[in-house]
Each structure stands twice: as structure tokens, then as C-alpha cells.
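Here are my notes on this one, as numbered points. Have the model open while you read.

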Amino acid sequence: LRPFSTSTASLPSHPVCELSCCCTMERSLSQTHLPLKIRLAPWRPYRNASQSRIMSTPPCNEGRLLMNQLSSHLPISHRALSLTPRKRLRSCNPSRFVWAAIARTDVDLKPGPKKNVLVLGGTGFVGLQVCRLLKQAGHDVTAVSRRGKPDPNQTDMQGLEGVKWVAADVVANPSVVKQIIEEMGGVDTLVHAIGMLLANDFNQYASGSGSIPTPGSTYDQVTRQTALAAASAFQEATQSRLDPAAFVFISAAEAGWTQDPPLCPPFLSEYLVAKRAVESELLDKYGVSKTLRPVIMRPSLIYTPRKWASLPAVAAFQVGNSIGLPGVDRPVLLDTLAKAVVKGIQDPTVMGIHNYKGMEKLAGLQ
């Protein structure tokens, strides 16, 4: 696998860009052409002639762990790329790039039957990427959030052309979902991506989108009440369908704990109680009766290589999962989660709870 050659003048001004190419590799006695998507990050590259591979100076040791995790998805007998930290960290220069994340694109989402999809929390960390991939797959998307349309100066709007943005506070008025569905003239799929980890202003640091909750909001209001009101309105609007419509709920891996640990903080217990209540209602009421097709994603820590501040936590979760610490799931890439959501929408056989292994399988990484 060889890096592309180009002058720094031809590179885009953004600190992250993508390149599509084709890799030819030997597998058994035949050659396989594997299309790849190369994501380029502003790390300083250098070549180690003795090892004949691309090396780099990541901004922290966690970069090596991140690269190993991502490159392990490639179906080749050896690691094509490696990251080796230098003893002395150097400043990050956006004009110098090295491959930092690789994902197979032979499993990219293919357009299926066109659906009218409603995404609650559509401007959040997860919801925005789900909207982007839904549009890529050719679906009509309506995104609902308190802020309405994202600020183009703070949000990458690429791939979001054609999304209909609706400003509505679903937490303050859960019944507004029914009104939105009626105004849409019907909806084929609903995605609930509304979430709150901390019930105060510190949530802006824990949230990937920097969201600040409405003062006085509780986990029950933000999660349980909004999800169940949406499920009820959605089921009523789709009850004439022959096949159950997909209702996608973004839950949490920790909701699968059989019991909370002794030192579990109160806020986390309340957070998980709300998640479990929604899961139970979706599966036991709508799933059993087949009036809806519940698709529940249980990610633990959701991350993207573009947000370096989360990498220490990503490394901690990765190590904890690798050594078998109970209750510690492997972190999930944002793109993996979003692809799994879209696949769950398009495939009528997908339903039930999906942990990180299930999400990676849906995204085509297993």
C-alpha cells in the first residue's frame, strides 16, 4: 500500500481530508482489489527506510492504539500501516499529512428503497452523522432539534444538502412529534438520537456537539418521555403498514449491566434507568406485537479521530475491554454507529439490541 504523492499546495485547507484509491494485495493465490477510503489527519509523517513503511508522530500515544484498532478491520495478513510515537512531540502542521484512519468502502451504504426518515436530535453528535449518511443513501431526511438548522460556521455541512431542519423542543413538548409527523405527510422510519449525559452546563464538555441542556431537565424527560411519546405517535402514524416500521433508539452499552457497580454515581444510575425503560417498552410492547421494528444501538464511548480530546478516554476504554474488565465495552467510531443505524433502517430483518460487535457487523467491519 503506497501513499499518494502530491504537493502541499494541492491539499485542501481543512485539517482533515479524505482520499479514495484502490489497494491490490495478494490473498492466497489470487489478487484482490480492495477499495479504500483514506482519511488524512495533520500528523507529521516520516519514512523509516529499514522497515519500508509510513511512520508518524501522533500527538499522543493513544493515536497508536486508535490506528491499530482501525487497521485491524482490513482483511490483510499484515498491518499495512503503523504509528510509532516519537520521544519528542512536535507541533502539528496541517500541511503535512499521514494516513490516520482507514475504513473499507466496499461496504459503503448503497441506496435502497427511498424512505422518509425523521431524526430526533438531528443536530447532535450522533444525529448529524446519521442525517449525513441517510442522505448519502438517498433517503429524505427531516432533522428535529432545539436549534433547528446548524450554524454553518461551526458545523461541517458537507453531505447535508437537502436535509429539512425543524426547530422544536421535544423535551419541553413531547407531543410535538405527532404534529411534525402529520406535517410531513407520513414517515417511514424514526430515529431517536436525543441524549443528555450530564444534567447541567458541564454536559457541553461531555457532549460531542457541545449541547447544553434546558435548565431543570431530567434524564426521564430527555430520554424516556421523548422516546415513548415519539414511539406512540410513530406507531399510530404507521399502523396501516403491512410490515412494521423501524424505530431506532440510541441507547448505551451500560444499560446492559445486570446490576450497577457499587460506586456507580447517582447521575449514571438515573441515566441508565431511563435508557432501560425505553428499551423495555420498545421490545416488550412494540416488538412483541410487531407494531414497530425496534432497532436499539448500545454504544459505549462514541468517538471520532477528529476530536483529539476524547482519545485518552478512548484508550482507557479500549484497554479495559481488551483485558476483560467487566462492564467495559470497546469504544465505537461515530461512522460505525451511523452506518449501523442506516443499515438497520434499510434491512427489514434487523431488529433488537446491538452492542459494539453487532454495530460493527452491520457496518460491514466483521
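1. Val319 is partly exposed, at a relative accessible area of 43% (buried is under 20%, exposed over 50%, partly exposed in between, with a 1.4 Å probe and protein chains only). Val319 sits in helix H7, residues 311-322; helices here are DSSP runs of H or I with at least four residues, strands are E runs of at least two, and both are numbered from the N terminus. Together with Ile323 and Leu325, Val319 makes a nonpolar surface patch of about 280 Å². Patch members need over 30% relative accessible area and no salt bridge, with nonpolar side chains (Val, Leu, Ile, Met, Phe, Trp, Tyr) joined within 5 Å and like charges within 9 Å. The areas are Shrake-Rupley values with a 1.4 Å probe, and for residues only the protein chains shown count as cover.

2. A word on provenance: this is a predicted model, where local features need pLDDT of at least 70 and side-chain atom pairs count only at pLDDT 80 or more, while totals for chains, interfaces and linings use all residues. Residues are numbered from 1 along each chain as its sequence is written, and side-chain values use heavy atoms, leaving out hydrogens and water.

3. Now the sheet. It is open, with 7 strands in the order E8-E7-E6-E9-E10-E11-E14 and parallel pairing (two strands pair if DSSP finds at least two bridges between them). E8 (164-167) and E14 (352-354) are the edge strands, each pairing on one side only. The twist averages 20 degrees from one strand to the next.

4. Zooming in, E9 (residues 189-192) and E10 (residues 245-250) pair in the parallel sense over 4 bridges. Thr189 stands opposite Ala246 in E10.

5. On to salt bridges: the count is 9, taking a side-chain nitrogen of Lys or Arg within 4 Å of a carboxyl oxygen of Asp or Glu. Asp140 and Lys114 form one of them, with the closest N and O atoms 3.5 Å apart. Asp140 is in strand E7 (residues 140-145) and Lys114 in the loop between E5 (98-104) and E6, so the pair ties together parts 26 residues apart in sequence. Asp140 is partly exposed at 34%, while Lys114 is exposed at 57%.

6. Asp220 and Arg224 also form a salt bridge, at 2.5 Å between the closest N and O atoms. Both lie in helix H5 (residues 219-237), 4 residues apart, about one turn of the helix.

7. Please also look at Asp188, Arg241 and Asp243, which are linked in a network of salt bridges.

Technical notes: Axes fitted to C-alpha atoms, helices over the stretch in contact; angles between N-to-C directions.
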